[in-house]
Amino acid sequence: MKKGILDYQVGDQVEHFLLINTVTKGTASNGKPFLTLMLRDKSGEIEAKLWDCTPQDEEVYCPENIVKVIGEVSNYRGRSQLKIKQIRITTELDNVELSDFLEVAPIDKETVIDKVTKYIFEMENPNIQRITRHLLKKHQEAFLEFPAATKNHHEFVSGLAYHVVTMLDLAKAIATIYPSLNKDLLYSGIILHDLGKVYELSGPISTTYTMEGKLLGHISILVNEIGETAVELGIEGEEVTVLQHLVLSHHGKAEWGSPKPPMIKEAEMLHYIDNIDAKMNMMDRALERVEPGDFSDRIFPLENRSFYKPTFYKK
């Protein structure tokens, strides 16, 4: 298997084709401009600095462009960083394509839609089922393509759908242990909780926040759309408000982006399940290329901790 950028260790020399995911312009302490490039291939993403950049560099090194980089992997504050020695934009002669660099969810779209549809068919409350089915059908194409975030967890092609399917399977197991949970509500909340990201984010490649995403956010967008869908379908009843509450509260706290804390049992569980799946995804991917007996890079959303892989783990 071809070596990915995250397979290189600190001190390794690198000569690699990489996709520019994001670019941020900065000014160094000496007053000269530099670019922070987030470069990726299918193995993941690494940060690199392009010092003393020129206006031409700023025009050339843009998101979605592919570059060939010669450099060295270093460690900066507990995280791997690529020290650039040479960099250039690729040409047709390099024979590389955009799809060569995109990380995708480890589950195909047909399996995703079959599983989500099965959970919707299990719902017994017609109002919850109709709203969920209508919104999923409306956004199905984007739902199957979009990432779940721009960074930190499930930030890859079809990451949103993969996140939802994993959460549904987790919810089913929890509801078996705690049968007092309303499965219709919990399943619907999971399917809808991040669906507003099809508006909030720009798409599956070099993902950024849209204007609507920056100004409104995925939570308020989807809460409004649930209300509009209920009116369109002629649905009245408490289910509409409760579904809106699940979406509104799934981040758990105001400082984490929720206008309201969970005040319904299924809303509290949705928050926990979302949190578990996001954190497991972060830890699994960080430890994927760590040798037993070693630590991962620091993970900022997990209180900037490094995670240890015990020596008795199989690689």
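**A tour of ring pairs, cysteines and one threonine**

Start by selecting Tyr119 and Tyr187: both are buried, meaning under 20% relative accessible area, where over 50% is exposed and anything in between partly exposed (1.4 Å probe, protein chains only). The model is predicted, with local features needing pLDDT of at least 70, side-chain atom pairs counting only at pLDDT 80 or more, and totals for chains, interfaces and linings using all residues. Residues are numbered from 1 along each chain as its sequence is written, and side-chain values use heavy atoms, with hydrogens and water left out.

**Aromatic pairs**

Rings of Phe, Tyr and Trp (its six-membered ring) pair if their centres lie within 6.5 Å; planes under 30 degrees apart count as stacked, over 60 as edge-to-face and the rest as tilted. The count comes to four aromatic pairs.

Select Phe34 with Trp51. The ring centres are 4.8 Å apart and the planes meet at 40°, so this pair is tilted. Phe34 belongs to strand β2 (residues 33-41) and Trp51 to the loop between β3 (44-50) and α1 (55-60), so the pair ties together parts 17 residues apart in sequence. Helices (H or I, at least four residues) and strands (E, at least two) are DSSP runs, numbered from the N terminus. Phe34 counts as buried, at 12% relative accessibility.

Now return to Tyr119 and Tyr187. Their pair is edge-to-face, with 4.9 Å centre to centre and 75° between the planes. Tyr119 lies in helix α2 (residues 109-122) and Tyr187 in helix α6 (residues 183-193), so parts 68 residues apart in sequence are tied together by the pair.

**A charge over a ring**

Next, select Lys3 and Tyr8. The charged end of Lys3 sits over the Tyr8 ring, 4.4 Å from its centre; the rule asks for NZ of Lys or CZ of Arg within 6 Å of the ring centre and within 35 degrees of the ring normal.

**Cysteines**

A disulfide is a pair of cysteine sulfur atoms within 2.5 Å, and the count here is zero. Cys53 is buried at 6% relative accessibility, while Cys62, at 25%, is partly exposed.

**Thr36**

Finish at Thr36 in strand β2, buried at 12% relative accessibility. Its side chain joins that of Lys49 through a polar contact of 2.8 Å (a pair of N or O atoms within 3.5 Å; within protein, one must be able to donate a hydrogen and the other to accept it, and residues adjacent in sequence count only if both atoms are side-chain atoms). Leaving aside neighbours within four places in sequence, Thr36 is in contact with Thr22, Val23, Thr24, Glu47, Ala48 and Lys49, contact meaning heavy atoms within 4.5 Å.
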